[in-house]
Amino acid sequence: MIKLDNVSKSYNQTRVIDCISLEILKGELFVIIGPSGSGKTTLLKMINKMIQPTTGKIYIDGVDISSIKGELLRRRIGYVIQDIGLLPHMSVKENVSIVPKLLKMNKKKIEEKVVRILDMVGLDPSIYLNKYPSQLSGGQAQRVGIARALAADAQVLLMDEPFGALDPITKSHLQNQISRIHKKLNKTIVFVTHDIDEAIKIASRIAVIKDGRLVQVDTPKNILSKPKNEFIVSFLGSDRALKKLSRLYVKDFMHKADRINLAGKDLGYLTDAVTKNYIWITNENDILKGWADLSDSDQDNKRQVSYIEVDYKMFAAGVDETLKDTVSKMLWHSSKVLPVCKEDGKLIGEIDLADIITKT
Amino acid sequence: MISKKTVVSGTLLILFDIFAYNVGLYIKELSSSPYKARYPASLLSLSIEHILMVTVATLFSVIVGVLLGVIATRKWGNDFLYPINLIASVSQSFPPVAVLAIAVPIVGFGSKPILIALFAYGLFPIIQNTIAGIKSIEPSIKEASIGMGMGATDILVKVELPLAAGTILAGVKTTTIINIGVAAVGAVVGAGGLGAPMISGLIDENQFYIAYASIAIAFLSIFMDSLLTDLETIVTIGSSRKSQSRS
């Protein structure tokens, strides 16, 4: 989709980009990461010709972009920046329709599109269509920024630290949103950031650059498990093992859980079937109610126990939760095993710390 | 959105223009002054002449000033920034009377020399404010505009000028108000306007004429200032939003 062939950029003898060659595949969410001054923004801006490479060539869909007029190229590539840059004298609707208008799309079609895209980025069109940028919060403004980049059906999206200035909660929401949009629309996204957690969370592949050179290009998993050199290790931080867990999900590590269905009755006697020293207790609808500790009870075949009630919302792991969150919950509850519940509390399995340690 | 101030000052101007002579005649009777209490031309037509003169000169200043300001803020026009600023400040530093003295031998008597003087005198605030207005636009707005694929003309017309409009209009207001006062000098070279009764009053020592002209000019200034402020409010509804903080 996007191919950089031996691209370099110098400003008065200083090389900011040094012979970078890489290929970004169609439908990838490709993250370029590096410390400040590493040239990541320069690299991004060369893809839409806002900066011209000194040497080397860039191809999009096999076409050398130096043969395309910058403005025309940029209308086909979505562009989102950290400072958003909404035009303050235009309403949300006008801001989002800028590129479609430049492309001379049909007026009615533009209107439909604006409504649809605002919906997609999580802004209610009936509320936001006629608002002005100054009436929006930072998160809302960046949602409009993303909508604006998507409005002209660009196949490629360039994002330059788009969530760098947002608070952690909004940031996390928008990261999830961009992952969803990426999957749904199958766009090729090139995303620049200096936040390694962000990169690991959303990337299909990550390119680490330092001083204008590529250090490593690989999937988040491989970068975490096989960092190429000391620089990447230090960049990943000492908690890289935990970071790795943020890309792994409970559903891939859970297994079946034994349970006793109360079905309205009091907890009675256990049967031989129970082999572990604990058991999950559920109600008639299979909703997690608590757990019974069997370690202290006598070894009779029929053991009478009472159980400890828990709130599944606090205690259980979710199916789509990351292992990082689950391990955190285990530490919090001082438990090596946690039940796995659906959103409505239905018990569907359990997850064991031992599995996480051995299988990741 | 015409403000109360504009309506009141406009009404006062017109009422004064219509009834000033009647009041003058009454005062003359009381004081038995030997001077004429009625100027040969109507104050209303003189005021209109005055406004026209100022408007035409300001319009030319705006066209040339905005153009020069835009050139100075282009990437390729950066070299012109200094000479343009120089021209503007030199034209401001020339007293209008000196410009008249130079212009009369070239273009003759009448309204032409004062139009030239007003044009030159009014250039400075407009050029300055155009440059300031365009330069004060947040860099991220320009970057996003370029990144979306807007051409240089699109950016100028749809982004820079609308966002700088408020600041430019403030310059136009300054120019207009200065010019209303300066235009009175034009009467010495036969330009007409409210300067005419003032000059002849000064020559004949006729206080009536001087009072008519100065009061009318004062009302005119207040009226134009208020009218342009209204216009500024209307134009900057959009761009004033940029100053509100977004957090």
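Buried means under 20% relative accessible area, exposed means over 50%, and partly exposed lies in between, with a 1.4 Å probe and protein chains only. This is a predicted model, in which local features need pLDDT of at least 70 and side-chain atom pairs count only at pLDDT 80 or more, while totals for chains, interfaces and linings use all residues. Residues are numbered from 1 along each chain as its sequence is written, chains are lettered from A and ligands numbered from 1 in the order in which they are written, and side-chain values use heavy atoms, with hydrogens and water left out.

**Stop 1: where chain A meets chain B**

Select both chains and display the contact (heavy atoms within 4.5 Å), to which chain B gives 24 residues and chain A gives 28 residues. The size of an interface is often given as the accessible area lost when the parts come together. Here the buried area, which is the accessible area (1.4 Å probe) that two parts lose on being put together, summed over both, is about 2,100 Å², and carbon and sulfur atoms give 64% of that area.

Next, look for polar contacts, meaning pairs of N or O atoms within 3.5 Å, where within protein one must be able to donate a hydrogen and the other to accept it, and residues adjacent in sequence count only if both atoms are side-chain atoms. Five residue pairs across the interface, both at pLDDT 80 or more, are in polar contact. On the chain B side, select α6 (139-147), α7 (152-182) and α9 (207-239), each of which supplies at least two of the residues that touch chain A; helices are DSSP runs of H or I with at least four residues and strands are runs of E with at least two, numbered from the N terminus. The largest share of this side, seven residues, comes from α6(B).

**Stop 2: the salt bridge between the chains**

A salt bridge is a side-chain nitrogen of Lys or Arg within 4 Å of a carboxyl oxygen of Asp or Glu, and the rule finds one across the interface of chain B and chain A. Select Glu143(B) and Lys45(A), which form a salt bridge with their closest N and O atoms 3.4 Å apart. Glu143(B) is partly exposed, with a relative accessible area of 22%, whereas Lys45(A), at 17% relative accessibility, counts as buried.

**Stop 3: Asp225(B) and Lys5(B)**

Asp225(B) lies in helix α9 of chain B and Lys5(B) in helix α1 (residues 4-31) of chain B, so the pair ties together parts that are 220 residues apart in sequence. Asp225(B) is partly exposed at a relative accessible area of 23%, and Lys5(B) also counts as partly exposed, at 46%.

**Stop 4: Glu160(B)**

Select Glu160(B) in helix α7 of chain B, a buried residue with a relative accessible area of 3%. Its side chain makes a polar contact with the side chain of Arg74(B) (2.9 Å). Leaving aside neighbours within four places in sequence, Glu160(B) is in contact with Arg74(B), Ile134(B), Ile137(B), Lys142(B) and Ile155(B).

**Stop 5: salt bridges in chain A**

Finish with Glu161(A) and Lys40(A), whose side chains meet in a salt bridge (3.9 Å, N to O). Glu161(A) is in the loop between β7 (156-160) and α8 (168-185) of chain A, and Lys40(A) is in helix α1 (residues 40-47) of chain A, 121 residues apart. Glu161(A) is buried at 12% relative accessible area, and Lys40(A) is buried at 5%. Then select Arg15(A), Asp18(A) and Arg213(A), which are linked in a network of salt bridges.
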